[in-house]
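This briefing sets out selected features of the structure shown below, grouped by topic.

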Amino acid sequence: MSDPAPVPDPAPADLPRRAPTTMLRAAARPRMIVLLVLLLGAAAVCARLGVWQLDRAQLRGEQAERVAVAEREQAPPAALGDVLAPQASFSGDLVGERVEVEGRYEPEGQLLVPERALDGRTGYLVLTPLRVSGSGGDAGWTGPVPVLPVARGWVADAADPAALAVPDGAVRLTGYLQVSEASGSGDDVPGQTEAISSAELVNRWGGPIYTGYLVLASSEPAQPAGVALLPPPTLGGGSGLNVQNLAYAAQWWIFGAFAVLLWLRLVKDEAAGDVPEDEAGEPAVPDRVDASSEVPWSR
């Protein structure tokens with residue numbers, strides 16, 4: 001008895017095939033909805049991981065800034081003239097540089113900078129011009145005696161004469177350099193200024209003037225106790241971001257976007273179907289000319 005003949009596999013034409021449809025109808029099919037839910041879940045996880053990496057970038061950036069500030073506080077101060085000359089350009093890497101300088105205050109030029117906050121309270125910065133002496137760090141400077149803006153601290157009351165008193169005679173200061181601010185509107189109240197701007201202060205105090213100012217850390221002799229010292233300045237204002245974690249965050253967000261784009265591509269393929277165009281109602285275009293067909297002008 002002979003073996004039964006094998007049953008041939010169905011031809012591709014015998015398999016069920018999908019006709020082309022619209023993107024909207026393809027997206028509404030059950031399997032595409034299931035895929036959408038899964039891919040949206042993956043995109044949500046990627047987005048959350050990106051936010052987590054962004055938080056890490058901010059945290060690590062703040063830690064790096066605190067370490068940098070601590071290192072500068074522990075390092076011995078440099079002479080001002082070895083770091084910055086009068087009227088010279090102020091580079092960003094000088095922000096927070098710890099320096100020492102000697103000179104004499106000019107109390108008649110003292111100004112208050114309003115609307116400045118410290119520890120959640122709004123008050124005034126005390127800004128006093130310091131005529132820098134030769135031993136104060138103007139090494140190599142041969143011009144007139146320069147003036148250095150000094151932010152001596154913060155006060156809550158602009159009418160407290162004891163807090164605003166200026167030390168008399170020669171003083172030796174240690175502090176941190178900060179870049180000059182942009183000019184204000186020019187509508188200043190007498191005895192006040194909107195910004196610590198060297199471009200404006202030179203018109204009040206004369207020159208030559210430094211293009212940055214000093215945030216006071218200590219003074220010999222000591223200044224009045226009513227003036228609260230300011231924290232050391234930082235270039236990023238305490239909001240620096242760690243570049244490595246920031247790159248990780250961007251990668252997770254790209255992965256999430258890719259999941260959404262993948263679903264759109266799957267919907268497009270679903271809408272295209274797998275029925276040839278000639279069977280879907282469109283005229284088929286022959287790939288080649290039948291050699292057996294008779295073409296009158298070919299003879």
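**Strand pairing, a helix and a pocket**

Strands β3 (residues 111–118) and β4 run antiparallel and are joined by six bridges. The model is a predicted one.

- Strand β4 spans residues 121–132, and nine of its 12 residues are buried, so that the strand is mostly covered.
- A hairpin is formed by β3 and β4, with two residues between the strands. In that turn, D119 has a positive phi of about 55°.
- Strand β5 (residues 147–155) is antiparallel to β4, and eight bridges join the two. Within this pairing, R131 has V147 of β5 as its bridge partner.
- Strand β2 (residues 98–105) also runs antiparallel to β4, to which three bridges join it. Here Y105 is placed opposite L130 of β4.
- As a general point, side chains in a regular strand alternate between the two faces of the sheet.

**Helix α4**

- Helix α4 covers residues 198–205, and its buried residues are S198, E200, L201 and W205.
- Viewed down the helix axis, the buried residues of α4 fall within an arc of 155°, and they therefore line one face of the helix.
- A199 and N203, on the other side of α4, are exposed.
- In general, an α-helix has 3.6 residues a turn, so residues three or four places apart point the same way.
- The elements that cover the buried residues of α4 include β3, β4, β5 and β7 (212–220).
- After α4 comes G206, which has a positive phi near 85°.

**The second largest pocket**

- The second largest pocket holds about 180 Å³ of space.
- Its lining consists of R116, A117, L118, L125, Q178, E181, Y213, V215, L230, P231, P232 and P233.
- Strands β3 and β7 each contribute at least two residues to the lining of this pocket. The largest share, three residues, is supplied by β3.
- Sorted by class, the lining of the second largest pocket comprises nine nonpolar residues, one polar residue and two charged residues.

- Strand β3 pairs with β4, is among the elements covering the buried residues of α4, and supplies three residues to the lining of the second largest pocket.
- Strand β7 is likewise among the elements covering the buried residues of α4, and it supplies at least two residues to the lining of that pocket.

Note on methods: Residues numbered from 1 in each chain as written. Predicted model: local features only at pLDDT ≥ 70, side-chain atom pairs only at ≥ 80, totals over all residues. Heavy atoms only, no water. Buried < 20%, exposed > 50% of the residue type's maximum accessible area, 1.4 Å probe, protein only. Helix = DSSP H or I, 4+ residues; strand = E, 2+ residues; numbered from the N terminus. Pairing = 2+ DSSP bridges. Arc of directions from axis to C-beta. Contact = heavy atoms within 4.5 Å. 1 Å grid on protein atoms, 1.4 Å probe; cavity = no way out; pocket = protein on both sides within 12 Å on 5 of 7 lines; lining within 4 Å. Points joined across faces, edges and corners; volume = space filled by probe spheres on them. Nonpolar A, V, L, I, M, F, W, Y, C, P; charged D, E, K, R; others polar.
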